[in-house]
Amino acid sequence: MSIASKLVLVTSTGILGAAGWLALAEPTPAGLTPERFGTSQPIPRPHVEGLAPAAFDPRGAERAAISGHVRDGEGRPIAGATVCAASAAEELGASERRARPCTSVRADGSYRLDDLLPVPHRVTAGASHFIPQAHRRGAGALSRELVALRFGQEERGVDITLLPGGVELVGIVRDLSGGELEGAIVEAGDATGRSGADGAFSLWVPPGEVFVTATAEGYADMQTHGRAPGLTLEVLMTPESVFLGRVVRADDGSPVAGAEVSALDASGGGRQGLTFTDASGNFRIDALRPGTYKARALDDEGYGAAEALVVLGLAETSAPVEIRMHPAFLVEGSVVVAGGGPCDRGSVTLSDPQGQRSVKIAPDGRVRARGVLPGNYAVDVRCEGFVSEPSYSPLTIVDRSLREQRWEVRRGQALRGSVVAATREPVTALTVMASPQLDPSRPKAQSTSGSARAGGDGQFEIMGLLPGRYQLGVYGGDPPQLREGPEIEVREGHDLEDIRIELPAAGEVRGTVRDVRGRAVPGARVLLRGSTYVQTTSLDDGSFRLTGVAAGAYQASVSRSDQPMRVQSGKGDEAPRVEVEIGETAVLNLVVAAQDGKISGRVVDGDGEALTDVFVEVLREPEGGPPGSALRDMRWSMDRGLRPRMTDLDGRFEFGELPDGTYTLVAHRRGGGEGVLERVALGSEALVKIAAPGSLVGRVRSPGGGGPERFSVELRDAATGYELRASFFRTDGTFSFPQVPAGQFVVAVEAPEGAGKAEVALAAGERGQVEVALAGRVTVRGRVLDLDTGEPVPGMRVKFGAEGKEAVISSADHVDERSVSDAEGRFEVADVPVGRATVIVTARAFGATSDHETIWTRARIAGSGAVELAPLQVPRRRLQPGDQAGELGMTIQREDATEFPEARRPTVAFVQPAGPAARAGLRVGDAIIAVDGHDVTGDHLHRFEALTRVPVGTELRLDLARGSSVRMIAGRR
């Protein structure tokens with residue numbers, strides 16, 4: 001039976017459960033039936049002398065209960081309110097975390113939730129016309145939401161107070177065929193509900209922008225966004241794909257019970273579908289989207305990774321995969337607060353040159369990192385509301401687990417205050433952020449940052465700060481905006497009280513989005529670009545409203561389903577504009593091109609035979625974008641673009657309601673294979689051909705010979721944006737990627753021993769082979785200097801990415817103090833792979849403000865031991881806090897990913913009539929080679945944005961590839 005036929009069954013029955021989908025899927029090999037995977041429960045591994053004791057398994061314990069009352073602000077009971085519980089405890093699998101036990105509140109306001117697993121839960125309540133809330137205990141920064149449950153006991157007094165002001169969010173849940181889904185769990189913040197027999201749902205939420213998550217048995221989870229009230233949301237669910245397998249010990253093949261198994265998304269989606277093995281070592285990971293996955297298993301003292309990647313098509317169940325588990329070790333300890341008490345919220349991260357593992361801190365302060373391989377690990381500890389030590393002793397794991405570790409954090413200073421509007425009324429639902437200001441005289445000094453949500457009275461409290469200067473900022477509102485607050489100084493031993501952040505007076509913009517025929521366009525994103533960026537979503541009647549907009553001039557743009565829409569401005573290509581004044585309401589009625597276009601066609605194989613059950617996506621191509629840009633944007637992205645289609649029994653598909661433009665069609669076949677057709681015009685009858693997929697196998701050689709024990713491989717085709725990445729363990733240096741489309745690929749490999757890169761071309765259906773030799777690692781030393789003056793720049797962190805891979809900065813990164821530039825601008829970074837590297841230079845602390853810009857550049861690393869790098873030059877920040885950003889009146893072409901990095905230059909894609917660029921004589925197609933005498937080509941391309949981000953009135957000199965220079969003055973936006 002085809003998937004198209006299965007979807008028809010879903011339409012007629014409302015919802016087809018997981019068992020139904022399994023019954024319709026491919027046959028499962030003997031001995032590994034879906035029933036065994038679906039009904040088995042994880043069984044904890046028995047304790048053996050010399051091995052780590054098994055973690056507590058809540059499933060075998062006596063169940064717990066929660067009870068309390070739901071009242072309004074006056075203390076009156078809210079009968080009929082819905083109370084739900086949810087848990088994200090580390091001991092639970094993904095399906096258990098998706099569960100939402102709910103109950104209705106009785107007439108006296110009381111409720112009781114029974115049969116709960118004895119793990120921490122978050123409890124929420126909602127009711128008509130009220131804003132939903134979660135139960136909280138305590139106040140300020142130390143308030144907590146989780147309710148700790150003990151087996152066999154009832155936690156009483158879990159009370160929730162609801163406040164008025166809720167609005168109704170309505171929508172409908174459908175499957176890919178358009179059929180309605182009954183019983184889907186729909187969540188928006190603290191609101192939880194279920195879809196009815198007609199797929200419809202209703203939630204009461206705070207007014208404004210909402211983010212919605214839907215889960216349903218037999219389907220992959222889905223997220224979407226919208227606005228309430230006034231917009232009907234459509235949530236489109238994708239039938240789940242399922243990953244089956246078994247975990248056994250590598251030495252004797254015996255099953256491993258209670259192992260933690262995840263599906264690692266090779267397309268960069270992270271860890272998916274956590275589950276645990278049953279008594280026979282079997283596992284089942286459900287609710288997956290189509291994609292390429294690698295299974296990983298962790299035990300207290302075991303680590304395993306499947307040798308092969310698995311490609312899952314739509315509604316496909318894999319053949320069982322075997323994971324062989326090798327000896328590894330447990331890191332166990334606790335995070336405590338100096339002076340007494342555990343840290344009850346945060347994480348511990350273990351890092352080595354191959355990557356990092358973050359483990360959540362349990363409410364009692366415990367930390368358990370399972371399946372850690374031998375090696376040397378840097379340790380980072382983050383405890384919310386407290387200050388970590390400047391550094392923690394690294395861990396060296398050789399041949400035994402590390403238990404009874406103890407990491408200490410301490411109390412810092414606090415900021416307390418309120419956020420008020422220009423009218424002096426308190427502002428709620430905003431996040432206040434404190435970002436450290438770097439002190440050049442103490443470039444390697446530890447810094448802290450913090451944030452807190454303003455309460456119902458506008459009050460906020462940020463804890464865990466070190467002495468120093470901080471820039472306060474406020475994010476949120478409707479629409480969400482980032483606004484600067486005051487700069488403050490925190491002194492040792494002194495909390496700051498009564499801080500007052502007053503939001504500036506503002507205006508608002510109201511209007512409509514309609515097409516040229518006068519029809520309302522709901523669900524369109526309206527973006528205003530001026531002194532700040534604000535956006536909102538049009539409602540069912542096409543109307544929109546933006547409040548709290550700073551005074552000034554703005555340009556408007558419109559998109560729908562993440563695709564730009566052409567707006568009729570009446571002034572040629574100029575974007576529509578609006579002027580916002582304080583206390584006034586500006587009107588902006590936007591007219592977009594009609595969305596009446598259609599594209600239909602067929603999908604066939606290499607022999608011209610029609611293909612059923614093919615998943616087809618469509619994306620409007622950006623105007624002036626390089627070839628392949630739309631394809632790179634849509635790679636297996638299930639929540640981008642227009643609603644995907646499935647081919648029928650004749651291989652046909654059709655898309656309607658398309659705006660003007662040209663399109664890229666991408667067809668994905670169950671079992672592998674991809675067809676791409678670009679530059680498709682509206683009204684076309686398209687023929688998309690899917691060629692047989694190829695595969696790639698390879699071998700990695702270490703500098704000293706042989707294959708590395710563990711390594712990661714990234715496969716990337718710059719022309720199409722196709723990317724896969726996976727880690728391999730104890731494969732003797734071999735790796736393979738199944739079902740790879742034709743293309744020109746870069747294969748980048750990284751291992752503790754070093755990194756390497758190779759290139760390989762694959763034709764359709766070809767089995768390619770590649771060998772990658774790893775170059776060693778070295779210590780890199782150098783200096784960070786000011787681009788203009790050549791003076792040292794202290795306090796900048798330097799990070800390298802291996803050849804063929806990008807360096808990435810995240811808040812969870814371990815910061816080696818040697819990698820931070822000192823007073824002379826000097827830095828030192830260990831374990832840098834030899835080869836062509838990407839380099840990031842940024843402020844020491846993540847999110848900190850600096851006088852200098854962050855840069856991305858490239859460098860060639862050669863030699864052995866310790867090598868000296870040419871100075872890294874960073875531009876000084878030209879746009880200071882409080883400055884009004886200038887407008888240049890032009891846009892730059894997107895980078896062509898297929899172009900050699902050395903040849904890249906900022907190229908003008910659009911010149912605004914009568915704008916600064918037009919007055920200076922710039923033309924579309926002009927390539928810019930320097931700004932104010934500084935090279936902005938090739939490895940220095942990053943400088944262009946930094947050097948042209950300037951205040952109003954700044955004069956810039958641009959040197960052009962055509963041999964002339966122009967001068968322009970940044971104007972007002």
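Trainee: In which sense do strand E52 and strand E55 pair, and over how many bridges?
Mentor: In this predicted model, residues 614–620 form strand E52 and residues 662–669 form strand E55; the two pair in the antiparallel sense over 7 bridges.

Trainee: Which residue is the bridge partner of Glu-617 in E55?
Mentor: The partner is Val-666.

Trainee: What is the strand order of the open sheet with antiparallel pairing?
Mentor: This sheet has 4 strands in the order E53-E52-E55-E56. Its edges are strand E53 (645–646) and strand E56 (674–681), each pairing on one side only.

Trainee: How many bridges join E27 to E30?
Mentor: There are 5, and the two strands run antiparallel. Within this pair, Phe-329 stands opposite Val-372 in E30.

Trainee: Turning to packing, which residues touch the most other members of the largest nonpolar core?
Mentor: They are Val-335, Val-348, Leu-350 and Trp-407, out of 29 residues in that core. Among the strands that each supply at least two residues of this core are E27 (329–337), E28 (346–352), E30 (366–372) and E34 (402–410).

Trainee: What does Trp-407 touch, leaving aside residues up to four places away in sequence?
Mentor: Its contacts include Val-331, Gly-333, Val-335, Val-348, Val-379, Tyr-392 and Leu-395.

Trainee: How many residues are in the second, separate core?
Mentor: That core has 24 residues, including Val-713, Phe-745, Val-749 and Val-760.

Conventions:
Residues are numbered from 1 along each chain as its sequence is written. This is a predicted model: local features need pLDDT of at least 70, side-chain atom pairs count only at pLDDT 80 or more; totals for chains, interfaces and linings use all residues. Side-chain values use heavy atoms; hydrogens and water are left out. A nonpolar core is a set of buried Ala, Val, Leu, Ile, Met, Phe, Trp, Tyr and Cys residues joined through side-chain atoms within 4.5 Å. Buried means under 20% relative accessible area, exposed over 50%, partly exposed in between (1.4 Å probe, protein chains only). Contact means heavy atoms within 4.5 Å. Two strands pair if DSSP finds at least two bridges between them.
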